[in-house]
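Here are my notes for your read-through. Keep the sequence and the 3D view open side by side, and check each point as you go.

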Amino acid sequence: MKLLLIAILAMSATTAAALQDPTRPDGFGAAPQAQVPEKEFTLASIFIGNDRRVAVINGQARREGQTFEGVRIRRIHPDRVELVDQGRVRVLRLEPLPQVRSSQ
């Protein structure tokens, strides 16, 4: 009888260990996801015309909606470009031009 009771308790203990706490957030205690380093992009210039918007990124002319290196150009604004990289929106901004002072 004692042996049967021990067997039942052992089986219920393994079942209880397999149960999940319903109040625990998803992914809690899991190994952290490996972070993929963000790609570096350089925005050199932006050209906006009547029927097109072009941005020069990493030395290449790119249009709105174009995809390159796994990144999609979402929108080209006069002063910035919005990219979608791995489901996240990234913004590239034009570097301000250096101020030139008159020597007169």
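1. **Start with the overall layout.** Keep in mind that this is a predicted model. Along the sequence, the order is α-β-β-β-β-β-β-β. So find the helix, then follow the strands, since helices and strands are numbered from the N terminus.

2. **Next, burial and surface.** The protein chain has 104 residues, and 19% of them count as buried. Now take the contacts between residues at least 6 apart in sequence: 31% of them join residues at least 24 apart.

3. **Look at the core.** Which residues make up the largest nonpolar core? There are 12: Phe41, Leu43, Ile46, Ala55, Ile57, Phe68, Val71, Ile73, Ile76, Val81, Leu83 and Leu92. Strand 1, strand 2 (53–57), strand 5 (71–76) and strand 6 (80–85) each give two or more residues to this core. Strand 5 has the largest share, with three residues.

4. Ile57 is then in contact with Phe41, Thr42, Leu43, Arg62, Phe68, Ile73, Val81, Leu83 and Leu92. Select these in the viewer and see where they sit along the sequence.

5. **Check the aromatic pair.** The count comes to one aromatic pair. Its members are Phe41 and Phe68, with 5.6 Å centre to centre and 80° between the planes, so the pair is edge-to-face, the class for angles over 60 degrees. Phe41 lies in the loop between helix 1 (2–18) and strand 1 (43–48), while Phe68 is in strand 4 (residues 67–68), so the pair ties together parts that are 27 residues apart in sequence.

6. Phe41 has 9% relative accessibility, so Phe41 is buried. Phe68 has 6%, so Phe68 is buried too. Phe68 also has a charged neighbour: Arg62 lies over the face of Phe68, at 4.0 Å from the ring centre.

7. **Move on to Arg90.** Arg90 is in strand 7 (residues 88–93). Its relative accessibility is 14%, so Arg90 counts as buried. What does the side chain of Arg90 make a polar contact with? The partner is the side chain of Asp85, at 3.1 Å. Not counting residues up to four places away in sequence, Arg90 touches Glu38, Lys39, Phe41, Val81, Glu82, Leu83 and Asp85.

8. **Set Arg80 beside it.** Arg80 lies in strand 6. At 23% relative accessibility, Arg80 counts as partly exposed. A polar contact of 3.0 Å joins the side chains of Arg80 and Asp79. Arg80 and Leu92 are 12 residues apart in sequence, and their C-alpha atoms are 5.5 Å apart in space. Residues up to four places away in sequence aside, Arg80 touches Ile46, Arg75, Val91, Leu92 and Arg93.

9. **Follow the chain past strand 7.** Leu94 is found in the segment after strand 7. Its relative accessible area is 30%, so Leu94 is partly exposed. Where does Leu94 lie relative to Thr42? The two are 52 residues apart in sequence and 8.8 Å apart in space, C-alpha to C-alpha. With neighbours within four places in sequence left aside, Leu94 is in contact with Leu43, Ala44, Ser45, Ile46, Pro78 and Asp79.

10. **Finish with two backbone angles.** Asn58 is not a glycine, although its phi is positive, at about 55°. Asn58 lies in the loop between strand 2 and strand 3 (60–63). At 32% relative accessibility, Asn58 counts as partly exposed. Gln86 has a positive phi of about 55° and is not a glycine. Look for Gln86 in the loop between strand 6 and strand 7.

Note on methods. Residues numbered from 1 in each chain as written. Predicted model: local features only at pLDDT ≥ 70, side-chain atom pairs only at ≥ 80, totals over all residues. Heavy atoms only, no water. Phe/Tyr/Trp six-rings, centres within 6.5 Å; stacked < 30°, edge-to-face > 60°. Helix = DSSP H or I, 4+ residues; strand = E, 2+ residues; numbered from the N terminus. Buried < 20%, exposed > 50% of the residue type's maximum accessible area, 1.4 Å probe, protein only. Lys NZ or Arg CZ within 6 Å of the ring centre and 35° of its normal. Polar contact = N/O pair within 3.5 Å; in protein donor to acceptor, adjacent residues only side chain to side chain. Contact = heavy atoms within 4.5 Å. Core = buried A, V, L, I, M, F, W, Y, C linked by side-chain atoms within 4.5 Å.
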